[in-house]
Amino acid sequence: MKSFAVLALMAVIAGCRLDTFFRGSGGGAPPVAGPPASLGFADQPQTTHARKSLPPVRVVVRDDQGNVVSGFGGLVSLTLDSSAGGGGGVSLGDTTTVAAANGVATFRHLRIDKAGTGYRLVASAPGTALPPARSKAFAILAPLTGNITVTTTTSGADVPGGYSVTLDDTISQPMGINAVVTFIGVAAGSHMVSLGGVAPNCTVGGANPQPVSVSGGETAQASFAISCAASPPATGSLTVTTTTTGSNLPAGYTLTLDTGQSGTIGANDSVTATGIAAGDHAVTLSGLPGNCSLASPNPQAFTIAAGTTTQVGFTISCTAVGP
C-alpha cells in the first residue's frame with residue numbers, strides 16, 4: 001500500500017512539471033492594449049543650455065490600464081506651458097509635431113534659446129480627444145559661449161587702409177589689412193563672419209561671408225586672404241568751347257594739351273577730351289588767321305579732378321579782310 005501511494009504522488013508531481021513545461025515560463029501572452037486613453041512623458045525634458053538641442057523627449061500613448069497602445073501612429077505635438085517659467089517670446093524650434101511609432105512619439109530637435117527656470121512642456125494629440133499632459137518642470141541654463149578670432153592677410157599694390165568685419169550681420173568692428181581681431185562671448189553654434197570695405201581693385205580668396213562653428217569654451221578661427229591689384233590712374237575730362245565773332249571767320253582752330261593730345265575745333269564749337277590724368281594742365285589754341293585775335297588767355301591753365309569734367313572757353317574776335 002505504501003508503494004502504491006508513493007507512486008501516485010510521483011505521478012502527480014510529474015504531471016505538474018510537464019504542465020509547467022508546456023505552458024512556458026513567460027507568464028502567458030502580453031496584454032492586448034485597449035483604445036488610447038492618455039498621454040504621458042516616457043522621457044521627461046532635461047535641463048540643458050540655451051541654444052542647444054534638448055535630449056530626446058518621448059511621449060507615450062496608453063490605454064486606461066496603463067498599457068502602451070502600440071497601434072497608435074497619429075500626430076503628437078509639444079508646446080511650452082504658457083503658465084510656467086521662461087516668459088514670453090520663447091519657442092521650441094521648428095520640429096514640435098511628430099508622428100508616433102508604435103505608440104511612442106520621439107522629439108529629437110527641441111531647442112529653447114532663452115535661459116530660465118520652471119519650464120514645462122504640454123503634449124497633445126491633434127484630432128483626438130486625448131487630454132493634454134504636462135511634463136515635469138525643467139530649467140534652461142545660460143548659453144555656452146566661445147570666441148571667434150578673425151585674421152586678414154592682404155597682398156599686392158594699392159592696398160586699402162582697412163576693412164570692417166561683421167558677425168552675423170549684427171556686430172561690426174574695424175580691422176586692419178594685416179590684423180587679428182577677436183569676438184568674445186559668442187554663443188555656441190553656427191555663425192557667419194563677413195569682411196566689408198574691400199576696395200574694387202581687391203579680391204577676397206575663398207568664401208565671404210565665411211561660416212564658423214563655435215564650441216563652448218573654445219576659440220574658432222576665420223581667415224581672409226585678400227589680393228589687390230594696382231589701380232588705374234584717376235582721370236577726368238576737359239570740354240573746350242570756342243566763341244568767334246566778327247567777319248571772315250576761319251573754318252576752325254587747333255587745340256593742343258600739355259599731355260600731347262591735339263585735335264581740331266570749329267570757330268564756334270565745343271569738343272571734349274577724355275582720359276586726362278587728374279592734376280594741373282594747360283591747353284593751347286592755335287591756327288588763328290591774322291585777322292583774328294584772342295580775348296582769352298592762351299594757353300589756358302586748368303585742373304582735372306578724377307571723375308569730373310572741367311570747362312575751358314576761348315573767345316576770338318575777327319575783323320574784315322580788305323580787297
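Me: What should I know about the numbering and the model before starting?
Reply: Residues are counted from 1 along each chain as its sequence is written, and side-chain values use heavy atoms, without hydrogens or water. The model is predicted, so local features need pLDDT of at least 70 and side-chain atom pairs count only at pLDDT 80 or more, while totals for chains, interfaces and linings use all residues.

Me: Which residues touch the most other members in the largest nonpolar core?
Reply: In soluble globular proteins, nonpolar side chains tend to be buried together. A nonpolar core is a set of buried Ala, Val, Leu, Ile, Met, Phe, Trp, Tyr and Cys residues joined through side-chain atoms within 4.5 Å. Buried means under 20% relative accessible area, exposed over 50%, and partly exposed in between, with a 1.4 Å probe and protein chains only. Here the largest core has 26 residues, and those touching the most other members are Phe-41, Val-59, Leu-78, Phe-107, Leu-110 and Leu-121.

Me: Which strand supplies the largest share of this core?
Reply: Strands (E, at least two residues) are DSSP runs numbered from the N terminus. Strands supplying at least two core residues each include E1 (38-43), E3 (57-62) and E4 (75-80). The largest share, three residues, comes from E3. Another core, of 22 residues, lies apart from this one, with Met-175 and Phe-224 among them.

Me: Which residues line the largest pocket?
Reply: Rolling a probe the size of a water molecule over the atoms shows where empty space is left. On a 1 Å grid over the protein atoms alone, a pocket is an open set of points where a 1.4 Å probe fits, with protein on both sides within 12 Å along at least five of seven lines; lining residues have an atom within 4 Å of a point. In this model the lining includes Leu-238, Gln-261, Thr-264 and Val-283. E19 (235-246), E20 (252-257), E21 (262-266) and E22 (269-277) each supply at least two lining residues.

Me: How do E20 and E21 run, parallel or antiparallel?
Reply: Two strands pair if DSSP finds at least two bridges between them. E20 and E21 run antiparallel, joined by five bridges. Thr-254 has Thr-264 in E21 as its bridge partner. Four residues stand between the strands of this hairpin, where Gly-260 takes a positive phi near 100°.

Me: Where is Asn-248, and is it buried or partly exposed?
Reply: Asn-248 lies in the loop between E19 and E20. At 45% relative accessibility, Asn-248 counts as partly exposed. Its phi is near 50°, a positive value in a residue other than glycine.
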